[in-house]
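Walk through the charged side chains of this model, then turn to a pair of packed helices.

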Amino acid sequence: MFETVLVANRGEIARRVIRTVQRMGLRAVAVHSEVDAGLPYVREADEAVAIGPAAPAESYRNAAAVLEAARQTGAEAIHPGYGFLAEDHRFAMQVKDAGLVWVGPSSAAIEAMGDKIRARNLVAAAGVPVSRGTAAPVVDLDAAVAAARGIGYPLMVKASAGGGGMGMAVAGDEAELRAQFERVQGFAGRMFGDPAVLLEQYFPRVRHVEVQVLGLADGRVVALGERDCSVQRRNQKLVEETPSPAVGPALRGEMVAAAVRAAESVGYRGAGTVECLLDVETGDFVFLEMNTRLQVEHPVTELVHGIDLVQQQLLVAAGRPPSFDPATLRPSGHAIELRVNAEDPVRFLPGPGTITEWREPSGEGVRVDAGYAVGTTVTPHYDSLMAKVVVHGTDRAEALDRARAAVADFRLAGPKSNLAFHAELLEDPRFVSGDYDTGLVAAMRA
Amino acid sequence: MANEIRAEMVANVWKVVVSQGDSVADGDTLVILESMKMEIPVLAEAAGTITALHVGEGDVVQEGDVIAEIG
């Protein structure tokens, strides 16, 4: 087994990975930008290397600087965390070419799943349900109208180059398609410099449900249940839970089998996530995408299974079997994760700042993965995630109670924070009932 | 009456969607700001014509800075 692991990330995830590396008796190397020098993960690593200025392109996304840090410190393996270089297939290849161990799937698997259209075709061929949609961009209105006959209404008109919910519109019939197509095409051209438009089946009420998979060193792929990530603002997750209140044993069996087939279609190794949309009206699910890395919300899966997913990633990367027996592993209880972000609780606008007060909740069934501490500064250069409050209970009601208590106990001042949103959500009858969809946050703010 | 659209936070100007002289409808996206990896669209608060545009892509705006004026 390798003895030194470089963690090519920052904040809460770097700290969390470093903890497992050290618990396994290995040495952890941190890398950091100039503005992150004072963060807890830098202090807690066995060695830390400054790799550049604040801008991610010059530090955390700078492959050459990260590889040079590995060379300087004698690191033999690189764990990318999530974001930054985690899904950069060229970087995965460079790591391997440098004679280091990449803690993640093969460069080829990352590349295959990174191209959304190719991924969709791959998993469809493996028997995984996908939504109806155009396989390539639609060039003009006549082509759009023709394609729409095969997809059916309502459908989503979206900019091929878009993302984050921008450049999208719903068309309920052909007349609306005619109006929306030109609007979206014009917007896409002005915004992204690329007027290509895609058409997709539109689901009025969906939940975002994803399956955690782990490709073992012996080539088998095992699934570790699902996570429901339907509490979102601006198409970004705020709260995740497992099991999903909307998934029963039969549906779970189907989703897990589909996720394993999707991962097997690219010879997947290590931790990955197969994201699906679940149509609340029909109970049907379709493949959305596969994230070829550790997910922000992985702790809920860890709590109900009693395993450490980062440890499994490191074991798989070292060619070893996992720490658990996949044939007998069963989840227990219910877990919920709340993302504590530096943003206001009403409009979710970012508000960085220096932390003047920071007291994390604790107690039975409460885990906090935090990237900051009192005296450190949340800067505008990176995402707004400050900490994840993760609770585990014997059932959903107990998990909700523990989440309410944990949110009330969290003392935080300096940057803006969305703790008040979480307190509100945990009392919202729709969330408490479990009967909610991705429209919940918008409905709470309507 | 001119309507001043101001930045609500410190941010980078990621995209400028409109040009001076464009007519816009209430709710149209004028520029998109970026802060903390979030894209924050800045919307027109009234219909009218863009009479002044005070930012360019790559600029940094402070809270309260005027981004555009709609007349």
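Asp428(A) and Arg430(A) join their side chains in a salt bridge, 2.9 Å from N to O. The term salt bridge needs a side-chain nitrogen of Lys or Arg within 4 Å of a carboxyl oxygen of Asp or Glu. Asp428(A) is buried at a relative accessible area of 8%, while Arg430(A) is partly exposed at 35%. Buried means under 20% relative accessible area, exposed over 50%, and partly exposed in between, with a 1.4 Å probe and protein chains only.

The model is predicted: local features need pLDDT of at least 70, side-chain atom pairs count only at pLDDT 80 or more, and totals for chains, interfaces and linings use all residues. Residues are numbered from 1 along each chain as its sequence is written, chains are lettered from A and ligands numbered from 1 in the order in which they are written, and side-chain values use heavy atoms, without hydrogens and water.

How many salt bridges does the structure hold over all chains? The total is 35. One of them pairs Arg233(A) with Glu343(A), at 2.8 Å from N to O. Arg233(A) sits in strand S10 (residues 221–233) of chain A, and Glu343(A) in the loop between strands S14 (334–341) and S15 (353–354), so the bridge ties together parts 110 residues apart in sequence. Helices (H or I, at least four residues) and strands (E, at least two) are DSSP runs, numbered from the N terminus. Arg233(A) is buried, at 6% relative accessibility. Glu343(A) is buried too, at 0%.

Salt bridges also form a network. It links Glu210(A), Arg227(A), Lys237(A), Glu240(A), Glu275(A), Glu297(A), Glu337(A) and Arg339(A).

Next comes helix H8 of chain A. Here Glu174(A) bridges to Arg178(A), with the closest N and O atoms 3.1 Å apart. The two are 4 residues apart in the helix, so about one helical turn separates them. Glu174(A) is partly exposed at 29%, as is Arg178(A) at 38%.

Helix H7 (residues 141–151) of chain A packs against H8 (residues 174–192) of chain A at about 135 degrees, with axes 10 Å apart. That makes H7(A) oblique to H8(A). Axes are lines fitted to C-alpha atoms, for helices over the stretch in contact, and angles run from 0 to 180 degrees between N-to-C directions. Under 35 degrees counts as roughly parallel, over 145 as roughly antiparallel, 65 to 115 as roughly perpendicular, and the rest as oblique. H7(A) contributes Leu141(A), Ala144(A), Val145(A), Ala148(A) and Arg149(A) to the contact (heavy atoms within 4.5 Å). H8(A) contributes Glu174(A), Leu177(A), Arg178(A), Phe181(A) and Glu182(A).
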